[in-house]
Amino acid sequence: MDRLGIGFLGGFGLPPVELVNLTADLGCGHMSTVVRGAALVPLGYPPFSLKDDATLKRETLAAMNARGVTISLGDGFLVLPDADMHAFSADLDVLAELGVPRINVVSLDPDVGRTLDQFAILTDLAAQRGIQTVVEPVPGLTIGDLPTALAARDHVGRPDFRLLIDTMHLVRSGSGAADVAAIDPAHIGYAQLNDTTLRPRVENYMEEAMFERMVPGEGELPLGDILSALPSDIIIEIEVPRRSLALAGVGPIDRLRPCVEAARRLLTEMPPGRTG
């Protein structure tokens, strides 16, 4: 199967139909999306809502069918202080209509116990619609590293609540390929591929993570080892936002094509991944 996907973050608010076509033009079969999108960089993209715009939803589904692209991940699910996960019900309905198999959740609620309970509620709501849930450990957020994410998985205690491994977040949070290899492969549901330096390049971690990552192989992360430690049957999403190039007028296909080519080289050169 084609394992490569294109992450919505690299498009900086590129509308979903355009992202479907971009993904297909890059030779990839998968992409991620958000239900509601806004331009993260002043590139002239209009805001969109797959929930409120029925025409856009139909056009997105038609483009997916025409170009052979699936949405492999619904992103943008946040646990906020005092938030009620049931507020995401309509968003989940939309993603189910689009055939999305999983969603990604992170938490901005500093209350760890409440965060874990909200994860369980969201996972159940998603499961009612045939959607799995993955949690992404992000340094600086409530679930900031691999051990905390594994504790969250244990708390939720369901096979359809698994981990998302992002290569930058993994290494910058203090873990590596050996830590991934020690996890039961059945507990890992998705991966995001990108590169960076071992030490921060800017003071604000999220500024670097959201806007300036590096082409796989051009940084210092042990990507081959990490990819080899991952299950062999999961999607590898390319998440490489490059704002400086976007603001310089480089279009999304030219920003992302080197990333896709580099990812294919890495996957070709590495030994087979694990099965789970």
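Here are a few notes on helix packing and the nonpolar cores in this predicted model.

1. Start with H1 and H2. Helix H1 covers residues 16-25, and it packs on H2 at an angle of about 10°, the two axes being 8 Å apart. Angles under 35 degrees count as roughly parallel, and H1 and H2 are therefore roughly parallel to each other.

2. Who makes that contact? From H1 come Pro 16, Val 17, Val 20, Asn 21, Ala 24 and Asp 25, and they meet Leu 56, Glu 59, Thr 60, Ala 63, Met 64 and Arg 67 of H2. Sorted by class, the H1 contact with H2 has seven nonpolar, two polar and three charged residues.

3. Next, have a look at H3, residues 89-97, where the buried residues are Ser 89, Asp 91, Leu 92, Val 94 and Leu 95. On the helix side, these buried residues pack against partners including H2 (54-67) and H4 (112-127). The strands they pack against are E2 (30-34), E3 (36-37), E5 (70-79) and E6 (102-107). After H3 comes Gly 99, with a positive phi near 75°.

4. Now the cores. The largest nonpolar core has 79 residues, and Phe 119 and Leu 230 are the ones with the most contacts inside it. Helix H11 (residues 252-269) supplies the largest share of this core, six residues. Another core, of five residues, lies apart from it, and Leu 73, Val 134, Leu 164 and Ile 235 are among them.

5. Phe 119 is worth a click. Leaving out residues up to four places away in sequence, Phe 119 touches Val 79, Val 105, Val 106, Ser 107, Val 135, Ile 143, Ala 152, Val 156 and Phe 161.

Terms used. Residues numbered from 1 in each chain as written. Predicted model: local features only at pLDDT ≥ 70, side-chain atom pairs only at ≥ 80, totals over all residues. Heavy atoms only, no water. Buried < 20%, exposed > 50% of the residue type's maximum accessible area, 1.4 Å probe, protein only. Helix = DSSP H or I, 4+ residues; strand = E, 2+ residues; numbered from the N terminus. Contact = heavy atoms within 4.5 Å. Axes fitted to C-alpha atoms, helices over the stretch in contact; angles between N-to-C directions. Parallel < 35°, antiparallel > 145°, perpendicular 65-115°, else oblique. Nonpolar A, V, L, I, M, F, W, Y, C, P; charged D, E, K, R; others polar. Core = buried A, V, L, I, M, F, W, Y, C linked by side-chain atoms within 4.5 Å.
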